[in-house]
Amino acid sequence: SFYPTTWTPKMLDHDAYNRLLTIKAASQAFTNRQELFQKIAPLLARAEFQEKYCLCLVHNHFLLQPGERMVATGLVTQPERVPDLTPSDIIPSSWTATGIPFEWTRVNAPEEIIAPPPVELIREFSEIVGEGSILGLCLAPGPLPEGQMWLETLIPDLRQHILEMKPAEGHCIDPTSISAACWRVNISSDAGQLEPSITLVAACWCGGKDHGKGHCQPPTEEST
């Protein structure tokens, strides 16, 4: 490890992770989207949070074994055995509404480290969505060119999900298999006033290794 300290936050163990909803079930349960988007947008639009954190669905993809965590290396996320004393190049990347990490990412250099959401953000966020919410926070994904979105493709045989950049408009083989997963706050000017809004930036195509070959029409009603 090339860092002087290690990350040792409280985290979901494999049993708690396995009890999370699937992405499809979590998406179906998220029924009051517009109401919550309007409440969450001003919070995540604050300058100290806007470029760091996004809104996400708290969900699992594959069942974990004891000692495993979901760890992203580049664009591929998969179960990985991680010691209890977490190596310092593996940092939390997704958190429940109460700030408990449930997914992780590997960084290559100290300057890539982004600290977990601060206590005041977690407190205000959980007051809005509720402590047992299917909504959580995640590190903001990489920048997207205009008209693009991130698409997760699942490969069940390898217990992997792979992130790919795809056109945000178009058609997909089976639109019903698309589930929204992550939203970012945008700031726009309306009649001279800066207005925060929430926009979909990542979705999951949840049907197996042949997914992700076409253009995807994103789920509807995903922005304020």
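Which side chains meet in a salt bridge at 3.7 Å, N to O? They are those of Arg123 and Glu127, where a salt bridge means a side-chain nitrogen of Lys or Arg within 4 Å of a carboxyl oxygen of Asp or Glu. Before going on, note that this is a predicted model, in which local features need pLDDT of at least 70, side-chain atom pairs count only at pLDDT 80 or more, and totals for chains, interfaces and linings use all residues. Residues are numbered from 1 along each chain as its sequence is written, and side-chain values use heavy atoms, leaving out hydrogens and water.

Back to our pair: both residues sit in helix α4, four residues apart, about one turn of the helix. Helices here are DSSP runs of H or I with at least four residues, strands are runs of E with at least two, and both are numbered from the N terminus. Arg123 is partly exposed at 43% relative accessibility, while Glu127 is exposed at 57%; buried means under 20% relative accessible area, exposed over 50%, and partly exposed in between, using a 1.4 Å probe and protein chains only.

By this rule there are five salt bridges. Among them is the one joining Arg46 and Glu124 (2.7 Å, N to O). This pair links distant parts of the chain, 78 residues apart: Arg46 is in the loop between α3 (33-44) and β1 (53-57), and Glu124 is in helix α4 (residues 119-129).

Another salt bridge brings Arg106 and Glu80 together (2.4 Å, N to O). Arg106 belongs to strand β5 and Glu80 to strand β3 (residues 76-81), so the pair ties together parts that are 26 residues apart in sequence.
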